[in-house]
Amino acid sequence: VVLEPKEAAPFAFATISAAAAWFAMSLMMGLAPSLMIGCGIGVSQTSGIVGWHILAMYAPALLLGLIITPERAKLICLLGLACSASGLGMAFHVTTEAGFTVAMLLSGFGWSGTTLAATTLLHARATPTRAQLAVHDFLLLAAALTGAGAVALYRFA
């Protein structure tokens, strides 16, 4: 995929941001259940936390879809990544149901914002080619699989 220099930077930023969000989400979704169980949080509480997490993954797009612009998209990507990183970092340190709920909400909100903002950036100047979208989607898949694989490394470390 050959991009003009003025197109390459936004494409790279959007793809790298979205890939980082997908990596963090896969890692969080793989680690959180065992981390919660390790803190004595039962299945009934875990399912409630996961429910809030799923809501945080999709509900923010309703509001963000109304306010996001290409000019705001980079900022929303960065804020989303900060939320994802904060949620993931919290998950390693919290020990309560409330703590895990906040961590999972941050993670879900971060993924939502970053994914929507990255999509906005990809389409800001022109419709991406099929090849560009294929590269973008492949890198997101690779990041998600890497996050899932990192779960196994963490568990066996």
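**Stop 1: helix H4**

Select Ala73, Ile76, Cys77, Gly80, Cys83, Ser84, Gly87, Leu88 and Ala91: these are the buried residues of H4. Keep in mind that this is a predicted model. Now show the whole helix, residues 70–91.

**Stop 2: the whole chain**

Zoom out and colour by secondary structure. The protein chain has six helices and zero strands. Trace the chain from the N terminus and the elements read α-α-α-α-α-α.

Switch to the C-alpha trace. Along its principal axes, this trace spans about 55 × 35 × 20 Å. The radius of gyration is 16 Å; a compact globule of 157 residues would come near 15 Å, so the two agree.

**Stop 3: surface and charge**

Show the surface. The accessible area of the protein chain is about 8400 Å². Carbon and sulfur atoms account for 73% of that area. Of the 157 residues, 40% count as buried.

Now pick out the charged side chains. There are 6 positive and 5 negative ones. The centres of the two sets lie 3 Å apart.

**Stop 4: Met104, in helix H5**

Select residues 97–122, which form helix H5, and centre on Met104 within it. Is Met104 buried or exposed? Its relative accessible area is 2%, under the 20% cut-off, so Met104 is buried.

What does Met104 touch, once neighbours within four places in sequence are set aside? Display Met28, Ala32, Ile49 and His53: Met104 is in contact with each of these.

Thr46 and Met104 are 58 residues apart in sequence, yet their C-alpha atoms are 11 Å apart.

**Stop 5**

Is Ile37 buried or exposed? Its relative accessibility is 56%, over the 50% cut-off, so Ile37 counts as exposed.

Select Ile37 together with Phe109, 72 residues away along the chain. Their C-alpha atoms are separated by 23 Å.

Technical notes
Residues numbered from 1 in each chain as written. Predicted model: local features only at pLDDT ≥ 70, side-chain atom pairs only at ≥ 80, totals over all residues. Heavy atoms only, no water. Helix = DSSP H or I, 4+ residues; strand = E, 2+ residues; numbered from the N terminus. Expected span 1.5 Å × (residues − 1). Buried < 20%, exposed > 50% of the residue type's maximum accessible area, 1.4 Å probe, protein only. Rg over C-alpha atoms; globule rule 2.2 N^0.38 Å. Areas by Shrake-Rupley, 256 points an atom, 1.4 Å probe, with all protein chains shown as cover. Lys, Arg positive; Asp, Glu negative; His and termini not counted. Charge placed at Lys NZ, Arg CZ, Asp CG, Glu CD. Contact = heavy atoms within 4.5 Å.
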